[in-house]
Amino acid sequence: MRTILITGPGGSGRTTVAAATARRAAAEGTRTLLLSADHTDTAGAALGTGTGAAPAEGAGDLTAGNLTTWRPDAADRFRQDLTLFQTRAASVLDLLGAARLDAEEVTPLPGAEELSLLRALRDAALSERYDLLVVDLPPLPQALALLALPEELRRYLRRLLPAERQAARALRPVLGRLAGVPMPADWLYETAARWDVELAAVQAVLADRTTAVRLVAEPGPAGAEAVHTACLGLALRGLRTEALVANRVLPDTGGDTWFAGLLAQQGKTLAEWRELPCALHTVPHLGRDPRGAEDLDALRVPAVNQAPDPVEWPVADRIAQDGVLVWHIPLPGAIREELDLVRRGDELLISAGSFRRIVPLPSALRRCTVAGAGLRESELRIRFAPDPDLWPGAGR
């Protein structure tokens, strides 16, 4: 199953473009699910048919039953999770004298919608009912934080509740008496293990070679800045930008109209976007908010590429020539002065602008020391020298 993640600055029309993308794929015979993170029914308004908390087939006509829409109910899922947690943690809550919360008084906390969307994405990917999943993500930068969430949460879980806890099972009663408080029960570790499995499934969908991102932005200074930032953040996460959709492009009437300055501004931005490594597609301004099948078809959004090129971070063997291995990490839009690298054991912390990511080193590089790094042609190239104590034959 292909997965297309669609995002863009707030107000850029990303939800409408997501709806048009899903509709076009369905009309071409692809079993398509449109998954929306919008708490209002913007996608339903664009499609001309409402979306809800359960997957439902969209309007017929050209889609011939191939289009399904789904807007998960984050509030309901949060209530279910909290109720289950209170049940499992009953002994600890009673010890603390805590008062239980009734489901009716629970309102979602910040982040509940994002977690609900990630779970829905996982469920859709595992269902095998669809050929294409079109995900209407939140606006930038919330979308970038959302895409980083599975990997980051898994890392936190491994550090806070390591799988090796089995070795200390017999010591927990003793430690509990010494500390004066109950030690974590088995259910806590079991819950952490279940979360790790769920997050791993989401992470697998995001890291799949058939998953790509489609950016939507209006051509102009604000859109150009947002696209520049997004390309860097996505690249650091190893996500491929499949296409950049320039939305609400004005027609060139050839006359001296009141929006001549806006036309010139859009033209300048479009010229800059054509130099980016992703495909550029323009979507016309209809002079109104698109509503219904005819308007979505009139947008002429690009078809989904069926043969994506995966993102690769290759390691080049330059030992014979230069005595080093070189790790190539594409970072379009990165600025040399805003790059930072920190080696921590078998991990590398990469900072690029406002983005940070901790990545595990490929196995060959774990037996090396960092010998330097440079940014060339929008690519971070990190040089690793073999450690003589760990690399057979090195230095001899």
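Four bridges join β9 to strand β10, residues 324–330, and the two run antiparallel. Strands here are DSSP runs of E of at least two residues, helices are runs of H or I of at least four, and both are numbered from the N terminus. Two strands count as paired if DSSP finds at least two bridges between them. Before going on: this is a predicted model, where local features need pLDDT of at least 70 and side-chain atom pairs count only at pLDDT 80 or more, while totals for chains, interfaces and linings use all residues. Residues are numbered from 1 along each chain as its sequence is written, and side-chain values use heavy atoms, with hydrogens and water left out.

Back to the β9 pairing. Ala316 stands opposite Val326 in β10. Both strands belong to an open sheet of four, in the order β9-β10-β15-β14, with antiparallel pairing. At the edges are β9 (315–318) and β14 (368–376); each has a single partner strand, so one side of each is left without a neighbour in the sheet. On average, neighbouring strands of this sheet are turned by 25° against each other, direction ignored. The axes behind that angle are lines fitted to C-alpha atoms, for helices over the stretch in contact, and angles run from 0 to 180 degrees between N-to-C directions.

Next, β7. Of its nine residues, eight are buried, buried being under 20% relative accessible area, exposed over 50% and partly exposed in between, with a 1.4 Å probe and protein chains only. Strand β6 (residues 211–217) is joined to β7 by five bridges, running parallel, and Arg214 stands opposite Ala243 in β7. Five bridges also join β7 to β8 (residues 279–284), again parallel; there the bridge partner of Ala243 is Ala279. Together, β6, α9 and β7 make a right-handed β-α-β unit.

That brings me to the second largest pocket. What is its volume? About 500 Å³. A pocket is an open set of points on a 1 Å grid over the protein atoms alone, with protein on both sides within 12 Å along at least five of seven lines; lining residues have an atom within 4 Å of a point. The volume is the space filled by probe spheres set on the points. The lining has 21 residues, with Arg240, Thr241, Pro277, Val311 and Pro332 nearest the centre. The lining divides into twelve nonpolar, three polar and six charged residues. Both α9 (221–236) and β7 (241–249) supply at least two lining residues, and α9 gives the most, with three.

How values were computed:
1 Å grid on protein atoms, 1.4 Å probe; cavity = no way out; pocket = protein on both sides within 12 Å on 5 of 7 lines; lining within 4 Å. Nonpolar A, V, L, I, M, F, W, Y, C, P; charged D, E, K, R; others polar. Right-handed = clockwise from strand over helix to strand, strands pointing away.
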